[in-house]
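Open your viewer and let us take a short walk through this structure together. At each stop you will find something to select and a note on what is there.

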Amino acid sequence: MIKVYIVDDHSVVIEGIKSVLQNEVTFEVVGFATSAEKCLQFFENHAADVILMDINLPDLDGIELCKIMTQNHPKTKILALSTFDQETYIKKMMESGAHGYLLKNSSKQEIIEAIKTVYSGETYLCFDAGRSLKQANENQNNLPHLTKREKEVLQNISEGLTNLQISEKLFISIDTVDSHRKNLYSKLNVKNTAMLLKYALENNLL
């Protein structure tokens, strides 16, 4: 019997998952929480094998909760539950200790398969999550090469520094900063600072 715990701030999601698992003899839903605080309180005196954990919670996001639960209850497997299939969310949850990533629109069979997979100690990524990571890795491999100085300038731009401030911080002339900025625009095929920062964030350059 796999003991399952559900953390989601929407009761309709909780009820939906409970209905999916209630007729499966392999599973037992031992509880649920609509906030991180209630989840932490439950695990002070109880246990579960697998937690289905939403990323968006009212008091503490699922990424931080995942870190806490992984540290305090290392034997419990965490399966991220989200409406987001962006690579950033997936990576952050997996880096925080999650064993799998599942979208809320997943089929009954996929939910069951995901729970069984992480319970057995393996990693599970739903199709859309796996595709997002693959595309992100492909994009990362195709990124243009930035020099060390270009990366430094980019980081300082992201912190809101002006060309003058960057020149003073890096001990280079304003013209050199401007040249690096133009090179960044050219290499990353963007036209302004907003586009530059958007591209840098989407491709993990910061």
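Start by selecting Ser35, which sits in the loop between β2 (27-33) and α2 (36-45). Helices (H or I, at least four residues) and strands (E, at least two) are DSSP runs, numbered from the N terminus. What you have open is a predicted model, in which local features need pLDDT of at least 70 and side-chain atom pairs count only at pLDDT 80 or more, while totals for chains, interfaces and linings use all residues. Residues are numbered from 1 along each chain as its sequence is written, and side-chain values use heavy atoms, with hydrogens and water left out.

Is Ser35 buried or exposed? Ser35 counts as buried because its relative accessibility is 10%; buried means under 20% relative accessible area, exposed over 50%, and partly exposed in between (1.4 Å probe, protein chains only). Now show its contacts, meaning heavy atoms within 4.5 Å. Leaving aside residues up to four places away in sequence, Ser35 touches Val7, Pro58 and Asp59.

Next, move to Met53 in strand β3 (residues 50-54). Met53 is buried, with a relative accessible area of 0%. Beyond residues up to four places away in sequence, Met53 touches several residues, among them Val7, Gly62, Leu65, Ile78 and Met93.

Now select Tyr5, Met93 and Ile115, the residues with the most contacts inside the largest nonpolar core, which has 46 residues. Such a core is a set of buried Ala, Val, Leu, Ile, Met, Phe, Trp, Tyr and Cys residues joined through side-chain atoms within 4.5 Å. Around Tyr5, not counting residues up to four places away in sequence, the contacts include Val30, Phe32, Lys38, Phe42 and Leu52. A second, separate core has 15 residues, including Leu154, Ile172, Leu184 and Val190.

Finally, zoom out to the whole protein chain, with its 10 helices and 6 strands. Its C-alpha trace spans about 70 × 30 × 30 Å along the principal axes. Of the 206 residues, 42% count as buried. Among contacts between residues at least 6 apart in sequence, 62% join residues at least 24 apart.
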